[in-house]
Amino acid sequence: MIVHGEKMAIYLFFFACLELAGLIKLGQTIGAGSLLGLILLTGIIGMLCLRLGGRGAIIRVMTGLAQERVTLQRLALRRSLFPMFAGILLIIPGVLSDLVGIILIALYLTGRTRPQPPSREKGEVIDIDYQVHEDSD
């Protein structure tokens with residue numbers, strides 16, 4: 001029987017294999033020198049994103065997780081933490097992690113996240129007029 005920690009280790013192993021295969025394929029396509037430059041460039045952009053995200057964000061995340069006030073799922077949806085997550089993903093060499101990091105940066109810069117339902121104050125009534133039309137065949 002596989003416990004939760006072992007299952008996560010298997011997922012991480014497969015993710016690392018996919019990342020390595022992607023890097024090898026990309027290196028064959030663009031060349032080793034270009035690939036090394038791309039890895040260095042994304043690493044520098046990742047460090048800049050971490051600076052943008054701020055040390056305070058990392059400390060808040062760690063204390064919130066340690067005190068069990070927040071969950072990883074809730075943290076992942078907070079737009080203010082996107083630069084921190086993007087920075088971590090861009091520092092990791094790989095095609096998939098860089099792609100997800102770039103998507104997070106784009107979402108942060110455009111300000112688009114999941115649409116939120118409109119908030120209504122308690123007791124607010126919406127009054128509309130309507131008519132029923134019946135079709136006669």
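The dialogue below goes through some features of this predicted model.

Q: How many helices and strands does the protein have?
A: Helices (H or I, at least four residues) and strands (E, at least two) are DSSP runs, numbered from the N terminus. Here there are 6 helices and 0 strands, and the order from the N terminus is α-α-α-α-α-α.

Q: Is Thr42 buried or exposed?
A: Buried means under 20% relative accessible area, exposed over 50%, and partly exposed in between (1.4 Å probe, protein chains only). Thr42, in helix H2 (residues 32-53), has a relative accessible area of 8%, so Thr42 is buried. Of the 137 residues of the protein, 19% count as buried.

Q: Which residues is Thr42 in contact with, leaving aside its neighbours within four places in sequence?
A: Contact means heavy atoms within 4.5 Å. With those neighbours within four places left aside, Thr42 is in contact with Leu90, Ile91 and Asp98. In the protein, 60% of the contacts with a separation of 6 or more are between residues 24 or more positions apart.

Q: Which residue's side chain is joined to that of Ser97 by a polar contact?
A: A polar contact is a pair of N or O atoms within 3.5 Å; within protein, one must be able to donate a hydrogen and the other to accept it, and residues adjacent in sequence count only if both atoms are side-chain atoms. The side chain of Ser97 has such a contact, of 2.8 Å, with that of Glu19. Ser97 lies in helix H6 (residues 95-110) and counts as buried because its relative accessibility is 1%.

Q: Which residues make the nonpolar surface patch?
A: Patches are made of residues with over 30% relative accessible area and no salt bridge; like charges are joined within 9 Å, nonpolar side chains (Val, Leu, Ile, Met, Phe, Trp, Tyr) within 5 Å. A salt bridge is a side-chain nitrogen of Lys or Arg within 4 Å of a carboxyl oxygen of Asp or Glu. Areas come from the Shrake-Rupley method with a 1.4 Å probe; for residues, only the protein chains shown count as cover. Ile30, Leu38, Leu41 and Ile45 make a patch of about 300 Å². Helix H2 gives the largest share, 3 residues.

How values were computed
Residues are numbered from 1 along each chain as its sequence is written. This is a predicted model: local features need pLDDT of at least 70, side-chain atom pairs count only at pLDDT 80 or more; totals for chains, interfaces and linings use all residues. Side-chain values use heavy atoms; hydrogens and water are left out.
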